[in-house]
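The following briefing concerns one structure and is arranged by topic. Please consult it alongside the sequence and the coordinates.

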Amino acid sequence: MSDNALYIDEMMDQYPAKPESLIVILQEIQNKYGFISGDAMRLASEHVHVPLTQAYAVATFYQSFRLDPVGEHEIKVCLGTACHLKGGQRLVEDLERRLHVESGGTTEDMRFTLNTVNCVGACALAPVVSVDNQYHPNATAKKMEKVLKSLTDPSLEEMEGTGNA
Amino acid sequence: MHDHALAEQSDALRLRSLDDLNRLRKQILDKRDPDQPEIVVCHGTGCLANGSADVSAAIRSALDASGIEAKVVPGIKTTGCQGFCSHGPLVVIRPRGIFYQKVKPKDAKEIIEKTIVQGDVVKRLLYKNPTDGEKILHEQDIPFYKRQTRVVLHNIGKIDPTDISDTIASGGYQALAKALTTMTPEQVVQEIETSGLRGRGGAGFPTGRKWRSALTAIEKKGRPVYVVVNGDEGDPGAFMDRTIMEGDPHAVLEGLILGAYALGANQGYLYVRAEYPLAIKHLTIAMEQARAYGLLGDNILNSGFSFDARINRGAGAFVCGESTALFTSIEGNPGNPRPKYVRSVEEGLWGRPTVLNNVETWANIPLIVNKGGDWYAKIGVPHSTGTKVFSLVGKVNNVGLVEVPMGVPLSTIVEDIGGGVPGGAPFKAVQTGGPSGGCIPYELKDTPVDFDSLTKAGSMMGSGAMIVMDNRDCVVDVGRYFLRFLEEESCGKCMPCRLGLSRMREILDNFSEGKGSEKDIEDLLSLSKAIQDSALCALGSSAPNPVLTTLKYFKDEYLAHVTRQKCPAGVCKNLITYSIDPELCTGCTSCAKQCPVGCIEGEKKKPHAIDTGLCIRCGICMDTCKFNAVNVI
Ligand SMILES: Cc1cc2nc3c(=O)[nH]c(=O)nc-3n(C[C@H](O)[C@H](O)[C@H](O)COP(=O)(O)O)c2cc1C
Ligand code: SF4
Ligand code: SF4
Ligand code: SF4
Ligand code: FES
Ligand code: FES
């Protein structure tokens, strides 16, 4: 934790020690560690001078903050309108079955976290699934099966149509 | 590369007058050879997702390998979304304007050899007109582009958004220089008033009037005052703000600086959703470059006017697009809306007078200042002037971004530009305005698309998402979808929204299971009325709209669910059955391999069949079958 505390301290110094910096500091922490630990939350709240309870109020209000560790790979299925109409929900259910995890959760072996998002703005390619911030356009259960396989066994790298998010 | 390194020697770059800007522009243009071939690769989100980064890399290495000895070496340029995302990755060869679609990395060599070296066309990469099968050579002849009026989007697809010289070459910051050197702030406000511009964020509030009332508030309260860009774009299905921020970030920034000048603001904020990393990156680069050139920051263009801006990343809450929630979010709090008896122009950010406008609204400002409010007012229709960018998605052939003058008929967008519904059937309805909007049925396809006509039809302009639905889309499901979306996104502060939406969604859940009664429809109507009348913010008060309009135009479909336990569109899970057409099934076994419960049986190369008792109706077989052999009723 001391390394973490050091990083967080240095990072926080770039932002004014005011309540308005809270969200961006939490975002930076999450970018670095994938989630916000209790210790990190405390450091952040002290730095911007808000009560710990208020820091939690902020972190729990916004969907993007996570208070639990995330898996090695993050899968996000878009459930925006275009993706919904083209079967986004079915993809979520299929991934839940394949990974044995509910949407929002992380697999027991900490390999995958499954989430849904509301429209990533690539609706023309609906349904869209993002895996570790790479978009997979026109996703189908079959395509996702291949993607999962390639993540489990990287030698199977024959994924088509991927790009940076 | 270029501008970053130079930013260090900032004084060398600083522009100190309109003359400086014009001189720089001339320098950039003089250095360019109009005959030099330019290979333009779309790096918008859609094309990137389809692999366009690999395409541009392949083109680059093919170019290096070709050892071209031509007098002018072709340049490669990557741009923001060119709109025609469903046909990406797109590659355009300028100045000839040859348009290649669905380009793969392996096409790169041929493009270089044939088109660049020999001047020939790679026919197989051309767009084929679906109506007559003709291949179309030039971008501007493709029906999708031909009928659009690209005003706000005019730069996107032409400029490299990460290189300010491209923006300056195409006339960027001319409006700012003009305003700072020849116009008073009051004159800028007047131009905006004359233009008739109405905010593009949803409600269509006249921008000039908003700015005017901010001025009145400032008279009372004094400064500071803030200008804010609403780049939250929470509307699912909308991506025009994303495209503008990614593809022409300087346009948004220039608009914001002009607004700041008009209102006397020295600080601005861009609130951009965190789901748009590329937009944030391009805006950040644009701001650094603008600062280096003296177009942002202290003493802009030596005019004595100083203004700077900052980006705030959203944190994934739809309600933060609402103005008061957005302000509290920037201040570092949970994004709870507050009652609006005090207007934001009087008490916005930190209780100060604040002007919040949408991304597209801001991007319109430089155009108006450049060409005049009168010019702008002539585009569109009297009470909805200018153009509007729509994201056309769903069951339509040409999915993408479309810009048209306000007031064109809906059918122009969906049928002429969008190319209609795949399969050629008429569309069933178009959902506009997102969760606050409604559905416009096919019978109203001649409805002019402008703020007031859409409202009259029971829908809304909203941010400009257009979701085309065909007869495989179920209105009960769509209503349920929006209600669930808003239920999850509601801040939960007031009762009508918190409890009302859940109750409405429960009723629709029942419908989708074939339960409920006709009386439930009355309940939906009265609940809607109650929520509309008493919700605190517009998230709640507009939430019943999708249900109300679909009830108005598609009541039969609701009734089919309740009285006949049928989902006519074949969507609602509990009311449908999958089957395999033995005539069409080739026995390829793909579906059987994918079926998660293993309820598809059949011999190889013989027709397969589904055990409907075991089937969990996941629809995977239908998605998998390449022979259209799986049916749903
Ligand atoms: C729940 C809710 C969400 C909204 N989301 C957005 C949004 O994502 N982007 C946007 O520009 N306006 C959004 N609005 C509208 C804004 O509150 C505001 O009216 C608008 O940004 C003003 O800009 P304009 O005058 O340029 O349209 C939303 C409104 C509500 C009630
Ligand atoms: S209407 Fe809904 S979102 Fe708006 S303040 Fe009330 S509970 Fe919150
Ligand atoms: S719908 Fe799903 S469960 Fe049913 S047969 Fe098809 S693949 Fe199998
Ligand atoms: S995928 Fe289609 S063609 Fe192949 S076995 Fe299944 S139903 Fe038959
Ligand atoms: S709806 Fe999925 S990307 Fe927009
Ligand atoms: S992303 Fe390339 S056309 Fe839209």
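Contact here denotes heavy atoms within 4.5 Å; axes are lines fitted to C-alpha atoms, for helices over the stretch in contact, and angles run from 0 to 180 degrees between N-to-C directions. Helices (H or I, at least four residues) and strands (E, at least two) are DSSP runs, numbered from the N terminus. The model is predicted: local features need pLDDT of at least 70, side-chain atom pairs count only at pLDDT 80 or more, and totals for chains, interfaces and linings use all residues. Residues are numbered from 1 along each chain as its sequence is written, chains are lettered from A and ligands numbered from 1 in the order in which they are written, and side-chain values use heavy atoms, with hydrogens and water left out.

- Strand β1 (residues 38-42) of chain B has 4 of its 5 residues buried, so it is largely enclosed by the rest of the structure. Buried means under 20% relative accessible area, exposed over 50%, and partly exposed in between (1.4 Å probe, protein chains only).
- β1(B) is joined to strand β3 (residues 91-94) of chain B by 4 bridges, and the two run antiparallel. Within this pairing, B:Val40 has B:Val92 as its bridge partner, and B:Val41 has B:Val91.
- With strand β2 (residues 75-79) of chain B, β1(B) pairs in the parallel sense over 5 bridges. The partner of B:Val41 in β2(B) is B:Thr78.

- Strands β13 (residues 387-394) and β17 (residues 465-469) of chain B run parallel and are joined by 4 bridges. B:Gly394 stands opposite B:Val468 in β17(B).

**B:Pro448 and its loop**

- B:Pro448 is located in the loop between β16 and α19 (451-456) of chain B, and is partly exposed at a relative accessible area of 33%.
- Its C-alpha atom is separated by 5.1 Å from that of B:Val408, although the two residues are 40 residues apart along the chain.
- Apart from neighbours within four places in sequence, B:Pro448 is in contact with B:Gly407, B:Val408, B:Pro409, B:Ser453 and B:Leu454.

**Helix α20 of chain B**

- Helix α20 (residues 475-489) of chain B has 15 residues and reaches 21 Å from its first C-alpha to its last, close to the 21 Å expected at 1.5 Å a residue. The expected span is 1.5 Å times one less than the number of residues.
- Of the 15 residues of α20(B), 11 are buried, so the helix is largely enclosed by the rest of the structure. Among them are B:Val475, B:Tyr481, B:Phe482, B:Phe485 and B:Glu489.

**Ligand surroundings**

- Ligand 3 has 13 residues around it, of which B:Cys595, B:Cys615, B:Cys618, B:Gly619 and B:Cys621 come nearest. A residue is near a molecule or strand if one of its heavy atoms lies within 4 Å of it.
- The shell of ligand 3 has 11 nonpolar, 1 polar and 1 charged residues. Ala, Val, Leu, Ile, Met, Phe, Trp, Tyr, Cys and Pro count as nonpolar, Asp, Glu, Lys and Arg as charged, and the others, Gly among them, as polar.
- The residues surrounding ligand 4 include B:Cys585, B:Cys588, B:Cys591, B:His608 and B:Cys625. Its shell has 8 nonpolar, 4 polar and no charged residues.

**Chain A**

- Chain A has 7 helices and 5 strands, and the C-alpha trace spans about 50 × 35 × 25 Å along its principal axes.
- Buried residues make up 50% of the 165 residues in chain A.

Methods: Pairing = 2+ DSSP bridges.
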